[in-house]
Amino acid sequence: MNAEPDHELDALIRAIPEGWTRVRMAGQDWGVTRTTRAGGKVMSLDADRLGDSEHFGANVWITSEGYFLRPCEVPAEKVMQLLRDAAETLEG
């Protein structure tokens with residue numbers, strides 16, 4: 001798990017709108033749901049690859065020291081790649 005706050009995470013997580021969004025990651029379509037809880041201090045991401053059963057999730061904790069990524073059952077880099085690809089998809 002990532003023990004340091006990740007400043008890139010701030011911009012990436014905010015690029016994903018609240019609720020369900022369709023994005024592309026590694027050339028495949030995914031449905032990503034962002035849910036904000038605890039007065040905006042915790043954001044949950046649930047990602048499902050459309051057309052099969054691949055799924056993963058992550059939580060982002062927002063503290064006075066920054067944003068902290070807590071992935072569930074996948075490496076943090078996979079979550080970050082989804083966020084980067086989603087931000088790129090949503091910009092264009």
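Contact, on this tour, means heavy atoms within 4.5 Å. Helices (H or I, at least four residues) and strands (E, at least two) are DSSP runs, numbered from the N terminus. Axes are lines fitted to C-alpha atoms, for helices over the stretch in contact, and angles run from 0 to 180 degrees between N-to-C directions.

Before you start clicking, note that this is a predicted model, in which local features need pLDDT of at least 70, side-chain atom pairs count only at pLDDT 80 or more, and totals for chains, interfaces and linings use all residues. Residues are numbered from 1 along each chain as its sequence is written, and side-chain values use heavy atoms, with hydrogens and water left out.

**Stop 1: the sheet**

Colour the strands. Five of them make an open sheet, ordered β1-β2-β3-β4-β5, with antiparallel pairing; two strands pair if DSSP finds at least two bridges between them. β1 and β5 are the edge strands, each with a single partner, so one side of each has no neighbour in the sheet. Ignoring direction, neighbouring strands are turned by 25° against each other on average.

Now select β1 (19-25) and β2 (28-37). Seven bridges hold this antiparallel pair, and M25 has Q28 in β2 as its bridge partner. 

Move on to β3 (42-49) and β4 (55-63). This antiparallel pair also has seven bridges; one to display is M43, whose bridge partner in β4 is V60.

β4 and β5 run antiparallel and are joined by seven bridges, and a hairpin connects them through two residues. Show I62 and you will find Y67 of β5 opposite.

How many of the seven residues of β5 are buried? Six are, so β5 is largely enclosed by the rest of the structure. Here buried means under 20% relative accessible area, exposed over 50%, and partly exposed in between (1.4 Å probe, protein chains only).

**Stop 2**

α1 lies across β2, β3, β4 and β5, and runs at about 65° to β5. α2 packs on the sheet as well, touching β1, β2, β3, β4 and β5, and its direction makes about 95° with that of β1.

Now hide the strands and look at the helices together. Two packed helices are described by the angle between their axes and the distance between the axes. The axes of α1 and α2 come within 9 Å and cross at roughly 55°. That makes α1 oblique to α2; angles under 35 degrees count as roughly parallel, over 145 as roughly antiparallel, 65 to 115 as roughly perpendicular and the rest as oblique. To see the contact, select E8, L9, L12, I13 and A15 of α1 with M80, L83, R84, A87 and L90 of α2.

**Stop 3: the core**

Which residues have the most contacts inside the largest nonpolar core? They are F56, L82 and L83, in a core of 24 residues. A nonpolar core is a set of buried Ala, Val, Leu, Ile, Met, Phe, Trp, Tyr and Cys residues joined through side-chain atoms within 4.5 Å.

Centre the view on F56. Leaving out residues up to four places away in sequence, F56 touches M25, W30, L45, D46, A47, C72, V74, K78, V79 and L82.

Then go to V60, in strand β4. V60 is buried, at 0% relative accessible area. Beyond its neighbours within four places in sequence, V60 is in contact with L9, I13, K41, V42, M43, Y67, F68 and L69.

**Stop 4**

Most residues other than glycine have a negative phi. Select A26, in the loop between β1 and β2. In this hairpin, which has two residues between the strands, A26 takes a positive phi near 50°. Is A26 buried or exposed? A26 counts as exposed, at 69% relative accessibility.

Finish at A38, in the loop between β2 and β3. A38 has a positive phi too, near 55°, and A38 is exposed, with a relative accessible area of 54%.
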